[in-house]
Structure formats: structure tokens, C-alpha cells
Amino acid sequence: RPSVESNELAFAPDIAYTAFGRYEASMGDGLLGSLQVNVSHTGDHYLTVFNDDFEKQSYTLVGMNAGIRSEALGWSVSLYGQNLSNEIYATNYFGDGGVFISQPRQYGVRLSYDF
């Protein structure tokens with residue numbers, strides 16, 4: 001194996017950030033609407049300490065959620081999307097090149113009721 005002296009650590013990006021925004025507004029009749037967006041970026045990083053160029057990655061994730069809720073009646077419904085840019089990236093490395101990969105783009109509906 002080649003020397004790893006002075007190489008970058010595995011899964012240690014040069015930069016990482018998350019931004020989150022949420023807006024809520026009354027919709028009348030005791031209903032509250034909301035819209036939120038989140039963006040996170042993970043900069044260049046390697047999967048192993050060997051720093052091979054083919055295992056370098058960076059990615060940006062975008063998620064959204066739009067919902068309506070009634071606090072008086074205790075229910076809420078929301079539509080969500082995760083990984084909207086459908087980024088595929090390694091979340092873990094093991095063995096001789098095996099990786100776990102990210103979840104693909106997802107959409108869904110959440111229903112809840114408080115009692």
C-alpha cells in the first residue's frame with residue numbers, strides 16, 4: 001500500500017454547510033400553512049485515506065416541505081421531497097471498494113393527528 005502520510009482524512013470535506021428557511025402564514029379558519037426549504041452542501045472529500053482521485057466526491061442536497069395544520073383540531077398534512085437533485089454519493093466505505101450509497105430522490109405525504 002502507498003504511504004498515507006500527509007494525506008487528507010477520509011470523509012473530511014474541505015467545506016460543509018446547511019441553510020434552512022421556513023415560512024408560516026395563517027390561512028383563515030384556524031389553519032396554518034407552511035413552506036420550508038433546506039439545502040446542504042458537502043465539499044470535496046475522499047472515501048479513504050489513500051486519496052485516490054476516483055473516490056473523491058462532493059454533493060448538494062435539496063429538500064422541501066409544504067404543509068397545512070389545524071392546531072385546534074390537532075391534525076396536519078404535508079407534502080415533502082428529499083434529495084430533490086437526486087444526488088448519488090457514498091455514505092460509508094468498507095472493505096476493498098464496497099460502499100453504501102445515499103437514498104435516491106424521495107417524495108411523500110405525512111399525515112398526523114394529535115389526541
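A charge is said to sit over a ring if NZ of Lys or CZ of Arg is within 6 Å of the ring centre and within 35 degrees of the ring normal. Arg110 meets this description, lying over the face of Tyr80 at 3.9 Å from the ring centre. The structure is a predicted model, in which local features need pLDDT of at least 70 and side-chain atom pairs count only at pLDDT 80 or more, while totals for chains, interfaces and linings use all residues. Residues are numbered from 1 along each chain as its sequence is written, and side-chain values use heavy atoms, with hydrogens and water left out.

Strands (E, at least two residues) are DSSP runs, numbered from the N terminus, and two of them pair if DSSP finds at least two bridges between them. Strand S3, residues 56-70, pairs with strand S4, residues 75-82, in the antiparallel sense over seven bridges. Within this pairing, Ala66 stands opposite Leu79 in S4. S3 and S4 form a hairpin with four residues between them, and Gly74 in the turn has a positive phi of about 80°. S4 also pairs with strand S7, residues 106-113, in the antiparallel sense over eight bridges. Here the bridge partner of Gly81 is Tyr107 in S7.

Aromatic contacts come next. Rings of Phe, Tyr and Trp (its six-membered ring) pair if their centres lie within 6.5 Å; planes under 30 degrees apart count as stacked, over 60 as edge-to-face and the rest as tilted. A search of the whole structure finds three aromatic pairs. One of them joins Tyr59 and Tyr89, whose ring centres are 3.7 Å apart with planes at 15°, so this pair is stacked. Because Tyr59 lies in strand S3 and Tyr89 in the loop between S4 and strand S5 (90-94), the pair ties together parts that are 30 residues apart in sequence.

Are these two tyrosines, Tyr59 and Tyr89, buried or exposed? Buried means under 20% relative accessible area, exposed over 50%, and partly exposed in between (1.4 Å probe, protein chains only). Tyr59 is buried, with a relative accessible area of 13%, and Tyr89 is buried at 14%. Tyr113 and Phe115 form another stacked aromatic pair, 6.0 Å centre to centre with 20° between the planes. Both Tyr113 and Phe115 are exposed.

Leu9 is found in the segment before strand S1 (16-28). At 60% relative accessibility, Leu9 counts as exposed.
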